[in-house]
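This briefing reviews selected structural features of the model displayed below. The points are grouped by topic.

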Amino acid sequence: MKVGIVRFPGSNCDEDAYHAIVDHVGAQAVFCWHKDHDLQGADLVILPGGFSYGDYLRPGAIARFSPIMQEVVAHAKRGAPVLAICNGFQIACEAGLLPGALLRNIRLQFICEQTHLRVETIGTRFTSRYHIDQVIRIPIAHGDGRYTADPDTLARLEGEGHVVFRYVDSSGHVTEAANPNGSLRNIAGISNGAGNVLGMMPHPERAVDDQLGSSDGLPLLQSLADAMLGGVAA
Amino acid sequence: MTRFRVAVQIVPRRGILDPQGKAVSDALHSLGFASVGDVRVGRHLVLDTDAESAADAESSVARMCEQLLANPVTEDFVISAVVPA
C-alpha cells in the first residue's frame, strides 16, 4: 500500500500520519504538496489534520480549491480510498466528498482530549479489523467539530449505514455528556455513499502506540492495508 | 467598467444552533433587554469588484457567495449594499 499524505499550508498532523503509516503499519508513504497535481501513484490518500489556510473564512473552505484537490476528488470518484481526518474531514465536506458540515464546537472551546467512540459498522474498508459496537479510545483536537447536516441527509446516513463512529461513554452508550462538541446524533465519523471516503474528527493516527495513550487507531489503518492486499471492494 | 463596493452578510441559517448567538442573546437578557429574541452571529464582508453595472456586481458577488463565501449547507447570505467604490 502506498499512501499519499496531502500537505496544505497549515497542515500539522501530516508527520503523525506518516509515522503511523510507515512505522506502525509498515507501508510506504509520500507527501503530496497541495500546489501539485500529483498524487504520486498513491493507493490511499490521507487529508490530515491541521489548520489549512489558517481556517480563514471557514475551516477547509479555501483548501478545497487547492490544485491537488482536483486529483483527490478524481481519486475518490474512481472509488479509491480517502481518509479525511479532522481538518481533512472539514476539507472533504467543503469539497462535497462528504455530506454536511462541521461547525464551531457547541461550547465554543477548542477541545483536546481522549474520546470513546463506538464502531457502528465493520462493513467498510476502514473498519474491518474492529468488531461491531466495539468501544475504542481515540483523541480529538479541534475547535470546529460539531457535525451538522439537514434531516434528510442524517436519515440517509443512518439508513444506509454510513455513520461509522459515534461519541459514546466508556460503556458504549450514546449520551449527551459523551458528546464533546454537540455533533448531531453524536456523529464522530461518516463515510460517503460508495464507502470509499471516510471523514472523522478524532485522530486515529495519534492512537497507534500504547505509550502515547492508545493504539486503538491502528486497526483502522491496518484495515485499509488489508483491503489493498485483498482487493476488497467494500 | 466601474468599480463597485459590495457589502454582504453571511449568517448561520435559522434552525441551525448558533451558540455564539445564544450567548449574546443571554447576555442581552441579563442587561435587561428582555425584548431580544433569536440572535445570529455571522460575518460581514466588503468587496471591491469591477462590473458593467450595479446589478452585474451584485450577481457576481452572489456567485462568489454560492461557491466560496458562504457554506450552502449551514449559512445564508444577504447582499446589503452595492455602491460605487
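Strand β11 (residues 197–200) of chain A, in this predicted model, is buried on both faces: V197(A) and G199(A) point one way, L198(A) and M200(A) point the other way, and all are buried.

**Strand β11 of chain A and its partners**

- Strand β4 (residues 82–85) of chain A and β11(A) run parallel and are joined by 4 bridges.
- Strand β10 (residues 187–191) of chain A pairs with β11(A) in the antiparallel sense, over 3 bridges.
- Strands of a sheet pair through backbone hydrogen bonds, in either a parallel or an antiparallel manner.

**Nonpolar cores**

- The largest nonpolar core comprises 66 residues, and the residues with the most contacts inside it are I46(A), V82(A), A84(A) and A92(A).
- Strand β9 (residues 163–168) of chain A supplies the largest share of this core, with 5 residues.
- Leaving aside residues up to four places away in sequence, A92(A) touches L47(A), V82(A), A84(A), L97(A), L98(A), V197(A) and G199(A).
- Two of these contacts of A92(A), V197(A) and G199(A), are the residues that point one way from β11(A).
- A second, separate core has 10 residues, including V8(B), C65(B), F77(B) and V82(B).
- In soluble globular proteins, nonpolar side chains tend to be buried together.

**Packing of helices α1 and α5 in chain A**

- Helix α1 (residues 14–25) and helix α5 (residues 218–230) of chain A pack with their axes 11 Å apart, at an angle of about 75°.
- The two helices, α1(A) and α5(A), are therefore roughly perpendicular to each other.
- On the side of α1(A), the contact is made by A20(A), I21(A), H24(A) and V25(A), and on the side of α5(A) by L218(A), L221(A), Q222(A) and A225(A).
- The residues of this contact of α1(A) with α5(A) comprise 6 nonpolar and 2 polar, with no charged residue.

**Positive phi in two loops of chain A**

- Q40(A), a residue other than glycine, has a positive phi near 55°.
- Q40(A) is located in the loop between β2 (28–33) and β3 (44–47) of chain A.
- Because Q40(A) has 12 C-beta neighbours inside 10 Å, it counts as exposed.
- D55(A), also a residue other than glycine, has a positive phi near 60°.
- The loop that holds D55(A) lies between β3 and α2 (67–77) of chain A.
- D55(A) has 18 C-beta neighbours inside 10 Å and therefore counts as partly exposed.

**The sheet of chain B**

- Chain B contains an open sheet of 3 strands in the order β2-β1-β3, with antiparallel pairing.
- Strands β2 and β3 of chain B stand at the edges, each with a single partner strand, so one side of each has no neighbour in the sheet.
- From one strand to the next, the twist averages 25°.
- Helix α2 (residues 54–69) of chain B packs on the sheet and touches β1, β2 and β3 of chain B, and its direction makes about 40° with that of β1(B).
- Strand β1 (residues 2–12) of chain B runs antiparallel to strand β2 (residues 43–51) of chain B, and 9 bridges join them.
- Along this pair, T2(B) has A51(B) of β2(B) as its bridge partner, and I10(B) stands opposite R43(B).
- Strand β3 (residues 75–84) of chain B is joined to β1(B) by 9 bridges, and the two run antiparallel.
- V82(B) in β3(B) is the residue opposite V6(B), and V82(B) is also included in the core of 10 residues.

**Contact between the chains**

- Chain A places 11 residues in contact with 8 residues of chain B.
- On the side of chain A that touches chain B, 5 residues are nonpolar, 3 are polar and 3 are charged.

How values were computed: Residues are numbered from 1 along each chain as its sequence is written. Chains are lettered from A and ligands numbered from 1 in the order in which they are written. This is a predicted model: local features need pLDDT of at least 70, side-chain atom pairs count only at pLDDT 80 or more; totals for chains, interfaces and linings use all residues. Axes are lines fitted to C-alpha atoms, for helices over the stretch in contact, and angles run from 0 to 180 degrees between N-to-C directions. Angles under 35 degrees count as roughly parallel, over 145 as roughly antiparallel, 65 to 115 as roughly perpendicular and the rest as oblique. Two residues are in contact if their C-beta atoms, placed from the backbone, lie within 7 Å. Ala, Val, Leu, Ile, Met, Phe, Trp, Tyr, Cys and Pro count as nonpolar, Asp, Glu, Lys and Arg as charged, and the others, Gly among them, as polar. Two strands pair if DSSP finds at least two bridges between them. A nonpolar core is a set of buried Ala, Val, Leu, Ile, Met, Phe, Trp, Tyr and Cys residues joined through C-beta atoms within 7 Å. A residue is buried if 20 or more other C-beta atoms lie within 10 Å of its own, exposed if 12 or fewer, and partly exposed in between; C-beta atoms are placed from the backbone.
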